[in-house]
Amino acid sequence: MIKDNLPSFGLTSKDFGEDFTWGVSTAAYQIEGAYNLHNKGASIWDTFTSKKGNIHNNEHGQVAVDFYHKYKEDILLMKAMYIKHFRFSLSWSRILPNGIGAINNEGIDFYNKLINFCLEHGLTPWVTLYHWDLPEALQQKGGWANREIIDWFKAYVSICCKAFGDRVKNWMVLNEPMVFTGAGYYLGVHAPGKKGLKQFLPAVHHAVLCQAEGGRIVRSLVANANVGTTFSCSQITPYSSKPKDILAASKADALLNRLFIEPSLGMGYPTENVSVLKQIEKYSKPGDVENSIFEFDFIGIQNYTREVVKHNYFIPYIQARIVKASKRAVKTTLMDWEVYPPSIYNMIKKFNAYKGVHKILITENGAAFTDTLLNNSVHDVDRLQYLQNYLQQVKKAQNEGLKVDGYFVWTFTDNFEWAEGYKPRFGLVYVDFKTQKRILKSSGRWFKKFLS
Ligand code: GAL
């Protein structure tokens, strides 16, 4: 084995304080596999990946990294790395194959075994209720664009709380609603592959309502619950100091960073920046404004990069476009995302500024780089440095007295990266996708040392 030459950093987990939460994040569709085992119903990702051309190399999550069968091995590895908090999501269609109606006890059993195994080994579970894998049966009825989703979701959340709430205390209602509505119902690049405003605007509104309703259900059914939800967020920098670029950046910021948190805080949609959002009115009913509000115990912010935004007359509704990182001569990850550590600091600051945000955790941060397996080792110095540099910025925020109470690395093992398939590897642990063998990368060794 190659002896790791781990770059020095100067900080250990202890420097962030006793109460700081350190963990790793995952999502069901990206890791579980077992896509049709034990009565699991199809999700929109099963359907979307089955259509040629949607995913890089036409890959899919049918097996993924087989977490369904390998969860014990993975949890024991987490334990050996001193990881104490594990964020994973529940697959709605594993629990309710048709999205509503009959409960699949085998699905409940799987999550019970997983939760119990975590607890037996000293890992605290952090459960995301929805990480993008809507049951296909519900998509057939319109999915997030159908207002009935509010009732479907409430029923699903109640079932999960009753089944697992005696042992799971940390809950996140939605994962990145901007991404699943934007990529799934406006751009069509994620499941269910819908395009245009007609589906996007109702999907946004219903997700905002579900976010709050879900929070209320968790709080009412789970004793001593710690209820949060998660948001994608990126620092937005105007391409130049021209007023048009500054305006374009403020529109992108409203859409990418503010659209989902502000209604939950009672601030409404950012219609003054993006006037097309006024059309959400069409899908609104009396009481919706109040029902969108929920006082979360914590907000999970998920940051990877920053975006540089330029005015562009031809982009509908916002006249703004993102200037790709590859066109800007900056250091990038395999996702073509700029490596820009101050972005995480600026996002912590931005979310701190909202009155009504009580606690902030970084529920995802990480990077995909080309990993080379050599002599059974992966010396992923780029990832390691990325994590260290972003953590320096988290520490800077903490030193300045900003709220930041935890940090979860995205992600534990390499996995299925949505439209990009298996190419971008984000894991602390390398996976040989043919044999499902796990190999700790240098970044994983470093994280272990950091936590020890
Ligand atoms: C987030 C998402 C994760 C993961 C990550 C890296 O947006 O929640 O599922 O894919 O990005 O791209």
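Predicted model: local features only at pLDDT ≥ 70, side-chain atom pairs only at ≥ 80, totals over all residues.

**Second largest cavity.** I listed the lining of the second largest cavity and got Met178, Phe231, Ser232, Leu255, Leu256, Asn257, Arg258, Leu259, Phe260 and Ile261. Two elements, β5 (226–232) and α10 (243–258), each give two or more residues to that lining. Which one gives the most? That is α10, with 4 residues. I sorted the lining by class and counted 7 nonpolar residues, 2 polar ones and 1 charged one. The volume comes out at about 50 Å³.

**Largest cavity.** How many cavities of 30 Å³ or more are there? I get 4 of them. The largest has a volume of about 70 Å³. Around the largest cavity I find Ala28, Tyr29, Glu32, Gly33, Tyr35 and Lys40, and also Ser43, Asp46, Gly61, Ser91, Arg94 and Asp133. Its lining splits into 5 charged, 4 polar and 3 nonpolar residues. For the second largest cavity I had noted 7 nonpolar and 1 charged.

**A pocket.** Next I turned to the second largest pocket, which holds about 260 Å³ of space. By class I wrote down 4 nonpolar, 4 polar and 3 charged residues.

**Ligand.** Which residues come nearest to the ligand? Of the 13 residues around it, my answer is Gln30, His131, Asn175, Glu176 and Glu417. I then looked up some polar distances. Glutamate 417 has a side-chain N or O atom 2.6 Å from an oxygen atom of the ligand. For glutamine 30, a polar side-chain atom lies 2.7 Å from a ligand oxygen. Histidine 131 has a side-chain N or O atom at 2.8 Å from an oxygen atom of the ligand. How much of the ligand does the protein bury? Taken alone the ligand exposes 310 Å², and the protein buries 94% of that. The shell around the ligand has 6 nonpolar, 4 polar and 3 charged residues.

I went looking for cis peptide bonds. One runs from alanine 191 to proline 192, with omega near 5°. Proline 192 sits in the loop between α8 (177–185) and α9 (197–221). Another cis bond joins tryptophan 410 to threonine 411, with omega near 15°. I placed threonine 411 in the loop between β13 (406–410) and β14 (429–432). I also flagged asparagine 224, a residue other than glycine with a positive phi, near 55°.

**Whole protein.** Last, I stepped back. I count 15 helices and 15 strands in the protein. The C-alpha trace spans about 60 × 55 × 45 Å along its principal axes. Why does the radius of gyration of 21 Å agree with a compact globule? Because a compact globule with 452 residues would have a value near 22 Å.

Terms used. Residues numbered from 1 in each chain as written. Heavy atoms only, no water. 1 Å grid on protein atoms, 1.4 Å probe; cavity = no way out; pocket = protein on both sides within 12 Å on 5 of 7 lines; lining within 4 Å. Points joined across faces, edges and corners; volume = space filled by probe spheres on them. Nonpolar A, V, L, I, M, F, W, Y, C, P; charged D, E, K, R; others polar. Near = heavy atom within 4 Å. Polar contact = N/O pair within 3.5 Å; in protein donor to acceptor, adjacent residues only side chain to side chain. Areas by Shrake-Rupley, 256 points an atom, 1.4 Å probe, with all protein chains shown as cover. Rg over C-alpha atoms; globule rule 2.2 N^0.38 Å.
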